[in-house]
Amino acid sequence: MYVIAEKLHQIGSITLTHHEKRNALSRVLIGELMAAMERLRAEKVRALILTAGMETRVWSAGHDINELPEGEDPLAYSDPLEQLLRAVRHFPAPVIAMVHGSVWGGATDLVLSCDLVIGDDTCSFAITPVNLGLPYNTVGTLNFMRRLPLNVAKEMMFTARPITAEEAQRWSLLNHLVPEAELHAFTLNLARGIATKAPLAVEALKEQLRMLGDSAPLQPGIFERIQELRNNVYTSRDYREGIRAFKEKRKPEFRGE
Ligand code: LCV
């Protein structure tokens, strides 16, 4: 079991517990997480808290690198992580990311796909495709562009540097930055407040905001150019080198080919 799901009155919570693999978002963990979400949706929770608990230094290490395909689109529409991000954005109640510890790569995309983000002093966030030589996908890139000032998104993407809790607050990645000792109580209190409101109105507003936010007219030529750019990257030697270096626990040597 890599997740623990709980329901307290009308609030659901899901805790990621695969700490020995730093909650890497593997096919198995994602499967359990989405099944837990489905159960809590059926129980009509009015808010859902997504957490890794307070015992870990790593909230999630992002996509399971061992499951990244080589020579084909690594973040295709059907990829389990992409399915999870859509499930979060379509969940009929607000999903609140409660973040203690570091967040990496696709897990930052997951946190930014949640409706609200509450972090403590230990949280940090990194966008890491350039560490692997991987071409991030269009939905994810748009998600980062929409949730962060463009120059900040660019710095995070081009450097893969984790931003601190203080920077995350400054750039509004966090709704609230609270002391570690208060994180759980603060987040639960926020969820309880939402749970007292009219759930149908909250659900409709969340879906309206999603649909209005997603409407990005993309000319076919632009889409094809993006796919060509991404194809050049994920068929490159550097992408294969990035994955191999991680598996061999060494620094990658990128040659631009
Ligand atoms: C599989 C892992 C992982 C992992 N996958 O512990 O955004 S994109 O485009 O990059 C997207 C494709 C994506 O999300 O890619 C993944 C991006 N994630 C990262 O770059 C983070 C990679 N992980 C790390 O840098 C370190 O593990 C952190 C800093 C998170 C934690 O370091 P720490 O020293 O505490 P270890 O590195 O020793 O990891 C513990 C175990 O978890 C596995 C890792 O291989 C190790 O397994 P073994 O004990 O079997 O050696 N692990 C960690 N991250 N993303 N497996």
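How many residues surround the ligand, and which are the closest? In this predicted model, where local features need pLDDT of at least 70, side-chain atom pairs count only at pLDDT 80 or more, and totals for chains, interfaces and linings use all residues, the shell was examined first. Residues are numbered from 1 along each chain as its sequence is written, and side-chain values use heavy atoms, with hydrogens and water left out.

The ligand is surrounded by 23 residues, with K21, A61, G106, T128 and K249 the closest; a residue counts as near if one of its heavy atoms lies within 4 Å of the molecule. By class, the shell comprises 11 nonpolar, six polar and six charged residues. Here Ala, Val, Leu, Ile, Met, Phe, Trp, Tyr, Cys and Pro count as nonpolar, Asp, Glu, Lys and Arg as charged, and the others, Gly among them, as polar.

Polar contacts are pairs of N or O atoms within 3.5 Å; within protein, one must be able to donate a hydrogen and the other to accept it, and residues adjacent in sequence count only if both atoms are side-chain atoms. An N or O atom in the side chain of K249 is 2.8 Å from an oxygen atom of the ligand. For R22, the distance from a polar side-chain atom to a ligand oxygen atom is 2.9 Å, and for R57 it is 3.2 Å. The protein buries 74% of the 1,000 Å² that the ligand exposes when taken alone (Shrake-Rupley method, 1.4 Å probe; for residues, only the protein chains shown count as cover).

The ligand sits in the second largest pocket, a placement that requires more than half of its atoms to lie within 2 Å of the grid points. A pocket is an open set of points on a 1 Å grid over the protein atoms alone, where a 1.4 Å probe fits, with protein on both sides within 12 Å along at least five of seven lines; lining residues have an atom within 4 Å of a point. The volume of the second largest pocket is about 800 Å³, taken as the space filled by probe spheres set on the points, which are joined across faces, edges and corners. Its lining has 31 residues, and A61, H63, I65, L132 and F246 are the closest to its centre. The largest share of this lining, four residues, comes from α11.

The largest pocket has a volume of about 1,100 Å³. It is lined by 35 residues, among which R89, V139, N143, R146 and D214 lie nearest its centre.

Notes: Helix = DSSP H or I, 4+ residues; strand = E, 2+ residues; numbered from the N terminus.
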